[in-house]
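Please look over the sequence and structure before reading on.

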Amino acid sequence: MNKFLTTVTVGLIAAGIAQAEVTEDDLRNDQTITNQIVTNGMGRHLQRYSPLDILNKDNVNNLVPAWAFSLGGEKQRGQETQPLIYDGVMYITGSYSRLYAIDLLTGQELWQYDARLPEGILPCCDVVNRGGAIYGDKIYFGTLDARIVALDLKTGDVAWNKKIADYKAGYSYTAAPLIVNGLVITGNSGGEFGVVGEVQARDAETGDLVWTRPVIEGHMGTLNGEESTMTGELNATWPGDMWKTGGGATWLGGSYDADTDTLVFGAGNPAPWNSHLRNAGTPVEGNKGDNLYAASRLGIDPATGEIKWHFQTTPREGWDFDGVNEVVAFTGQDGKDYFATADRNGFFYVLNREDGSFVTANPFVKDITWASGIDETGRPIYNEDNRPGDPTAATEGNKGETIFAVPSFLGGKNWMPMAFSQKTGLFYVPSNEWGMDIWNEPISYKQGAAYLGAGFTIKPLFEDHIGSLKAIDPLSGEIKWEFKNPAPLWGGVMTTAGGLVFTGTPEGKFIAFDDETGEELWSFQTGSGIVGQPVTWEQDGEQYVSVISGWGGAVPLWGGEVAKEVSFLNQGGMLWTFKLPRQLAAAN
């Protein structure tokens, strides 16, 4: 499975020469150590901000390709990875659970690991992988058959391989792991199959399970192999036994706030989509139909897995508005510390950094229909007539009343990560302007089968664009500038101290914007759609930028009318690396 191991690397190993190892301090300071990237998000707070300013507004037009690396032609599907960089090597994951080690200066492959996926895997939204994590002398990544694998950094040899959940029941895993204090922390995928969302922590050296925390009330957590505490209170917000297949997949992974020693994970939609089956279709007394902790953000103790706090963005959820979108720790322009999250439901939330309590929320996409706003407690003010109808009161055969909802179930923002600039104090949010016809249908749970109870068709809202990159003031919600794109935006964003904002489009364009004005300063056509996550680093006094290109992900699979509009886009699998040559750094 591991190919092209270099002679130099083999020689070093044979000679017993010690290789550098990544420490907890390296993880903690990843944002400020500019010659490496060892965490997802370029720092565990997920700001995706680099303090490098060698490359800046004045010289970015001198950015040129340094090398390119092909992932091969037989497995070209959505490429959503974020590169990691350590000790002269770049590590990327690819579709179908592959991992590559690449020489940082030449782009030559050093080794490759291909997971041996079984027949019958059930990935919801393409065969993607969003990256790995480095700690000690190992790199960790997840596979589509719901496993977590630890590989030797230098050789790609398997150190351990552990099962997260049963892929035959619909579980999978696509997120980048998170590492805190020697623990490898993972979520799970499979939200459309009636799975139960869970966060797990393992010993990074052995892979042994330390704790588990299900995120749906009624399920028991574990600590050191024994039951610990129940999540929530049994049947407090769920009817009957529906909590047993309650959804809430933790499919995007999490962040870590070192200042409060808190993991922050998001939980996906409750299952099934048909909210009337979950006592959520009509207002009920108290929070009986809230279906905790689905569509929520959870603060978790990294040592024990105990839930510290929760904030539910969409209680009584009925539109597939997952609550998984990343939670980013930041310091506001008022000098106070906050969390921020741009939710799938179309609202941008700011939360208290200590306890996750609500601070403010503002819409970041246009024409939201399902709610008229957010009240002073952080709960949505529902437009009850914009909830898909109850099939038991069907007027259209076996369907409930069809409504047109904005945003669509793919969200005002989906998985694609936003970025925060410490220079401007703004968030740069990749969003989409679309809606959907949606209706509910009868459904019953069957293991390994889709558990929706709904049908839908996604439609664009505007003739000239769907994708919209927005520069947002987090506390006021003011949109400072906007870049409109014909196709949906599905890739990550990065900011730099050089005043640049990088992202890519499905049409294949990799773009650098002015962080203050949104002016397009530089672009490069990569040849396929960009749904990956850009990074930047410094080596020998020169600044580099990398991004992967390869169209895919959820849009062509689930996008309805939108998918038809982008069906001409070519798939691919190419990692592009650019650099600003030293002699051009002062040129403009």
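What volume does the largest pocket have? The volume of the largest pocket is about 310 Å³. The model is predicted, so local features need pLDDT of at least 70 and side-chain atom pairs count only at pLDDT 80 or more, while totals for chains, interfaces and linings use all residues. Residues are numbered from 1 along each chain as its sequence is written, and side-chain values use heavy atoms, with hydrogens and water left out.

- On a 1 Å grid over the protein atoms alone, a cavity is a set of points where a 1.4 Å probe fits but cannot get out, and a pocket is an open set with protein on both sides within 12 Å along at least five of seven lines; lining residues have an atom within 4 Å of a point.
- Grid points are joined across faces, edges and corners, and a volume is the space filled by probe spheres set on the points.

**Largest pocket**
- Its lining has 18 residues, with R28, H45, A258, D259 and R353 nearest the centre.
- At least two lining residues come from each of α2 (24-28), β17 (254-257) and β21 (328-331); helices (H or I, at least four residues) and strands (E, at least two) are DSSP runs, numbered from the N terminus.
- β21 gives the largest share, three residues.
- The lining comprises five nonpolar, six polar and seven charged residues (nonpolar: Ala, Val, Leu, Ile, Met, Phe, Trp, Tyr, Cys and Pro; charged: Asp, Glu, Lys and Arg; polar: the others, Gly among them).

**Cavities**
- Five cavities of 30 Å³ or more are found in the whole structure.
- The largest cavity, of about 300 Å³, is lined by 26 residues, and C124, C125, R130, E192 and W251 lie nearest its centre.
- That lining holds 12 nonpolar, seven polar and seven charged residues.
- The second largest cavity has a volume of about 200 Å³; 21 residues line it, and N40, L46, R48, L252 and E326 are the closest to its centre.
- β17 and β18 (262-266) each give two or more residues to the lining of the second largest cavity, and β18 has the largest share, three residues.

**S296**
- S296 belongs to strand β19 (residues 296-300).
- S296 counts as buried because its relative accessibility is 0% (buried: under 20% relative accessible area, 1.4 Å probe, protein chains only).
- A polar atom of the S296 side chain lies 3.1 Å from the backbone oxygen of Y293, and the side chain of S296 reaches the backbone oxygen of A294 at 2.9 Å.
- Beyond neighbours within four places in sequence, S296 is in contact (heavy atoms within 4.5 Å) with F265, G266, A267, F311, Q312, T313 and G323.

Key: Buried means under 20% relative accessible area, exposed over 50%, partly exposed in between (1.4 Å probe, protein chains only). A polar contact is a pair of N or O atoms within 3.5 Å; within protein, one must be able to donate a hydrogen and the other to accept it, and residues adjacent in sequence count only if both atoms are side-chain atoms.
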